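Here is a short tour of one protein model. Take a look at the structure below, and then we will go through its charged pairs, its core and its pocket.

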Amino acid sequence: ESATFTDEIDTYTLDKWIVGTQKLFVGENSAVRLVGDIDVTSERVEFRFDEDLQFNIPFKPTVSLSGKVVLARDPSSGLITSYR
């Protein structure tokens, strides 16, 4: 896998992104739910979600949030080229 993930701080390889995410959140107390339909075209994949995330810091706060994800696709290969 040669995917990279970029946030406000840095760019990460897939394995480092997974390790960092596992350290940041308490998986067994976090949940992500898809809301509504997933819209798929040759140019993009779009869906809405809501989630509860428990942070792995001393007092273990849980936050609830919702949003929309848009994954841009290469029309010829179908591979995801960016996300927001």
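A residue counts as buried when its relative accessible area is under 20%, as exposed when that area is over 50%, and as partly exposed in between. Asp50, at 27%, is therefore partly exposed. Please keep in mind that this is a predicted model.

**Salt bridges**
- Side chains of opposite charge can pair when their charged atoms come close.
- The structure has five salt bridges, and one of them joins the side chains of Asp50 and Arg33 at 3.2 Å, N to O.
- Asp50 sits in strand β4 and Arg33 in strand β3, so their pairing ties together parts 17 residues apart in sequence.
- Arg33 is also partly exposed, at 33% relative accessibility.
- Arg44 pairs with Asp39, with 3.1 Å between the closest N and O atoms.
- Lys68 pairs with Glu46, with 3.2 Å between the closest N and O atoms.

**Nonpolar core**
- Which residues make up the largest nonpolar core? They are Val45, Phe47, Phe49, Val69 and Leu71.
- Strand β4 gives the most to this core, with three residues.

**Largest pocket**
- The largest pocket has a volume of about 990 Å³.
- Its lining has 28 residues, with Phe5, Thr6, Trp17, Thr21 and Tyr83 nearest the centre.
- Helix α1 gives the most to this lining, with five residues.
- By class, the lining has 14 nonpolar, seven polar and seven charged residues.

Methods. Residues numbered from 1 in each chain as written. Predicted model: local features only at pLDDT ≥ 70, side-chain atom pairs only at ≥ 80, totals over all residues. Heavy atoms only, no water. Core = buried A, V, L, I, M, F, W, Y, C linked by side-chain atoms within 4.5 Å. Buried < 20%, exposed > 50% of the residue type's maximum accessible area, 1.4 Å probe, protein only. Helix = DSSP H or I, 4+ residues; strand = E, 2+ residues; numbered from the N terminus. 1 Å grid on protein atoms, 1.4 Å probe; cavity = no way out; pocket = protein on both sides within 12 Å on 5 of 7 lines; lining within 4 Å. Points joined across faces, edges and corners; volume = space filled by probe spheres on them. Nonpolar A, V, L, I, M, F, W, Y, C, P; charged D, E, K, R; others polar. Salt bridge = Lys/Arg side-chain N within 4 Å of Asp/Glu carboxyl O.
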